[in-house]
Amino acid sequence: MAGAAAAATTTSATPVYCVCREPYDVSRFMIECDICKDWFHGSCVKVEEHHAVDIDLYHCPNCSVLHGPSLMKKRRNWHRHDYTEFDDGSKPVQAGTRTFVKQLRARSFPSADDIILKMHGSQLTHRYLEKHGFDVPIMVSKLDGLGLRLPPSTFSVLDVERYVGGDKVIDVIDVARQADSKMKLHNYVKYFTNPDRPKVLNVISLEFSDTKMSELVEVPEIARKLSWVENYWPDDSVFPKPFVQKYCLMGVQDSYTDFHIDFGGTSVWYHVLWGEKIFYLIKPTDENLAIYESWSSSVTQSEVYFGEKVNKCYKCVVKQGHTLFVPTGWIHAVLTSQDCMAFGGNFLHNLNIGMQLRCYEMEKRLKTPDLFKFPFFEAICWFVAKNLLETLKELREDGFQPQTFLIQGVKALLTALKLWMKKDLVTEHAFEIPDNIRPGQLIKELSKVIRSVEDTANYKLNERFNKPLQPSSTVPEWRPKDNDLRLLLSNGRIIRLFYDRDERQPFRDPSLYTADSEDEDDRTRSKKERTIKTEEQNPQETDGNADAPKPLNMFFESVKSELRNGTSEYSDISDSEESEPDCTNQQKDFSSEESESSGDEKQEVTSNFKEESKVTSDLYQATQKPSRHKTANKRECPTSTSMEEEAIQGMLSMAGLHYTTCLPDNTQSTDCTDRRSSFQEHKSYPKSRHKDKLSSQSHKAECGKRPKKGMATAKQRLGKILKLNRNGHARFFV
């Protein structure tokens, strides 16, 4: 008896309301009667939430018998959210009102064609966005190639009710007041199909992933491949999976959504099934984002048109059948120019991690309600951090360098995770830390991997431009990007050969890209173009290039041959087959230096060397066209190698370089014709007809005799060049 009495007391202590005599339910809309002061559920007395704001005095069903029906508010203006305010002309127009929409339609805007990227669906791929970025809106006019599946254009709001269910409670925006309210889908469909609409109501947040209509819609393939939720959210998570990929938007004419950034900085796709929508787009520059945050926190936000506060606001019309992709952080407003049904979805991704985190932090500063935030945003950041850690480790093990956007994104994510784990903030963020993640260890490992990746990238870049001299058997082939100058010993003198910077191949290192991000088509195409260009300009030298020896080996072979036979043949060991006009500037830089070392020689040399002097002066033109003179020049050469090795060692020691002897043990006399066949990439020049005198002069230099005045030895010339280099001149490579 005592227990029953206690139960009765507890039951009687809980207040009940409405004609249904049920206790208060926070999830259900209720209205108070101004006569009896009792509270009633809107669904029980047939009063919609959006209608309640229009009631001045409400009379419940019982009181209305004695006191008459409820009294409604009187409209006194068309430009204020509170239409009962007296219109004295002193208050500005507020966003969403009838007057505002009329003024908005009359405004002029620059066309979004200046900034948006129009593409075919098959071109919008994950690989394309990784290479070119996702920083501007993208418009696709047809469904072909998008991987997007939708109902037919005859699909109506009645069909939505049939697939989703009329009893589903949805969020509805009263456009004139820019206020949110709730309504059953059945009542909204009834309103939508009624030609006499007392209000402008807009539905933009009907997420239907858990309904039968989900089977009719397939998200664009690019959104599925990029989405964090689709790729990183674990199936065993204690947090419910966020459903933000499938929205149905139903709006009547003149529906308007004011400027905003989608929650969590998500990117969004929109497809207009029928009707039309107009987007007003603003770039997310630092200045614009700062203005937006200030505007959003202002008490007069609704009275100031944000499009006038920024430099440019672009107008983009999305017609029936078109699909628009809006990137992270873009500030936009939307006007429904005619009754419209559209489908869309939001997704987080790796391409703009930094901007996504920036938008999320802005939402926190603006104290955005949780209802309008991305569900479990911090939790998914932890999941993504864990997965990206494994991705970076795999790339490092495979010898690949992550893309720049991924490195920058991980660094931004790491900064955010550290911030959330600070002692004074950890209690605020601890709720969304997944149970299977150890935040401290994850942050430590991620920091270590990022440092390793950056160190590797810096080392590889430095290695490309600071290669030490190695034995020719181990030195890789010289690349055109190494330098602009080659030095060659010929007939007792150092010859400087140039090639044009513009003919270099672009800096391409396969190790700096992942396999997915390399554009094989572009690389193959550019390679073919270079091959064709070389064949057209030098068809006689294209055969046998595959068998060409390495340049460093060629250099030492040339040095050895010159020391042995004193030939006057000059060879260009430049990687470039031709020289463009730009190399003239490089020649001028060294003209004064050349004139010092060769001035006396030109005065005292006999007429027998005139043609040789002409050959020397024409060296800079040698790369512009191939030589047409090829003559055999056989001569006996000494077989001793000690003098050759000593000369080479002396030259290199003056340059501060060390070279392990790598010349062949057995050297034989070499025919000039045979030598040309082994140097397929090199150019031949006319030879002096006074062979005997040239040979004699060269032989004197070999024997160590003092050359004539002005005839500097190769060793002296190399020393002078290196001395100029140390005094601040251009850098030389041998």
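At roughly what angle do the axes of helix α13 and helix α14 cross? I started my notebook with that one.

**Ground rules.** I am reading a predicted model, where local features need pLDDT of at least 70 and side-chain atom pairs count only at pLDDT 80 or more, while totals for chains, interfaces and linings use all residues. Residues are numbered from 1 along each chain as its sequence is written, and side-chain values use heavy atoms, leaving out hydrogens and water.

**The helix pair.** I looked up α13 (residues 377–398) and α14 (residues 404–420): their axes come within 10 Å and cross at roughly 130 degrees. That makes α13 oblique to α14 (angles under 35 degrees count as roughly parallel, over 145 as roughly antiparallel, 65 to 115 as roughly perpendicular and the rest as oblique). The crossing of the two is left-handed.

**Who touches whom.** On the α13 side I found Phe377, Glu378, Cys381, Trp382, Val384, Ala385, Leu388 and Leu392, meeting Leu406, Val410, Leu413, Leu417 and Trp420 in α14 (contact means heavy atoms within 4.5 Å). By class, I read 12 nonpolar, no polar and 1 charged residues in the contact of α13 with α14.

**α13 alone.** I checked its span: 22 residues reach 31 Å from first C-alpha to last, close to the 32 Å expected at 1.5 Å a residue. Just after α13, I noted that glycine 399 takes a positive phi of about 85 degrees.

**Confidence.** I looked up pLDDT (the predictor's confidence in each residue, from 0 to 100): the protein averages 76, and 61% of the residues score at least 70. I found the lowest confidence in helix α19 (residues 583–589), with a mean of 43, and the highest in strand β14 (residues 323–326), at 98.

Methods. Axes fitted to C-alpha atoms, helices over the stretch in contact; angles between N-to-C directions. Helix = DSSP H or I, 4+ residues; strand = E, 2+ residues; numbered from the N terminus. Left-handed = near helix turned anticlockwise from the far one by under 90°. Nonpolar A, V, L, I, M, F, W, Y, C, P; charged D, E, K, R; others polar. Expected span 1.5 Å × (residues − 1).
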